[in-house]
Amino acid sequence: MTEDEARSWIRDRYGVSRETRLAAFVELLRDEAGKQNLVAPSTLEQVWSRHIVDSAQLLAHAPEDGVWLDIGSGAGLPGLVIALLRDVPVELVEPRKLRTDFLSRAAVELGLADVTVHTAKIERTKGPAAVITARAVAQLTDLFRIAAHRSTSSTVWVLPKGRNAQSEVEEARRKWHGSFHVEPSITAPDSLIVVAKGVRPR
């Protein structure tokens, strides 16, 4: 997917106004990337395909309402992208203060009143979430262990993964009940998305 195709993908699905708000976020991200290592520098030339659409595609697998919890938000991917595309409460949990400073500042500058930023590990937060995302945070088994207290029987976990997604699911099934399936990513042939529901310990 080229950068032009990625922007068209966003525009066709969410309209010009949402694309414009995402473009403002991209500028904030590019600027901050020169000050701290938010994303791999090599990906900034493909920021729309590698990061924006890669985050936005997760919406297709999630319910439309309820709190969206993003663990290890880092650069705001996917959390800030979700907040810019869907009008739901979004919680961003990130332990590194430099990054949460950026997330808080970006949320204000982008007018995202429904975004809450926590400078904390996920284990220290509380409250049920309708959707949980985490991009490159931990293996499934470890992620469920540290974040299951934020889920209910109806929570949907939408988790971008690499080519080892299926083996992570098989390992997780040894310790966790739930409905698990793996979806292809539209942005990279070797990327997958794990969608899980009803996650609870065995």
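Which residues in α1 meet which residues in α2? Select R7, I10, R11 and Y14 in α1, then V16, R18, E19, L22 and A23 in α2. These two groups meet, where contact means heavy atoms within 4.5 Å.

Before moving on, note that this is a predicted model: local features need pLDDT of at least 70, side-chain atom pairs count only at pLDDT 80 or more, and totals for chains, interfaces and linings use all residues. Residues are numbered from 1 along each chain as its sequence is written, and side-chain values use heavy atoms, with hydrogens and water left out.

**Stop 1: α1 and α2**

Stay on the α1–α2 contact. Now show helix α1 as residues 3–14. Helices are DSSP runs of H or I, at least four residues, and strands are runs of E, at least two, numbered from the N terminus. The axes of α1 and α2 come within 7 Å and cross at roughly 135 degrees. Axes are lines fitted to C-alpha atoms, for helices over the stretch in contact, and angles run from 0 to 180 degrees between N-to-C directions. The two helices are therefore oblique to each other. Angles under 35 degrees count as roughly parallel, over 145 as roughly antiparallel, 65 to 115 as roughly perpendicular and the rest as oblique.

**Stop 2: α2 and α5**

Pick F25, L28, L29 and E32 in α2; they meet F102, R105, A106 and E109 in α5. This contact has 5 nonpolar, no polar and 3 charged residues.

**Stop 3: L29**

Centre on L29, in helix α2. Is L29 buried or exposed? L29 counts as buried, at 0% relative accessibility. Buried means under 20% relative accessible area, exposed over 50%, partly exposed in between (1.4 Å probe, protein chains only). Leaving aside neighbours within four places in sequence, L29 is in contact with L38, V47, A75 and F102.

**Stop 4: α3**

From V47, select helix α3 (residues 47–56). In α3, 9 of 10 residues are buried, among them W48, H51 and I52. The cover includes α1, α2 and α4 (79–85).

**Stop 5: α7**

Finish at helix α7 (residues 165–172), where A165, E168, V169 and A172 are buried. What covers these residues includes α6 (140–147) and β5 (156–161).

Key:
Ala, Val, Leu, Ile, Met, Phe, Trp, Tyr, Cys and Pro count as nonpolar, Asp, Glu, Lys and Arg as charged, and the others, Gly among them, as polar.
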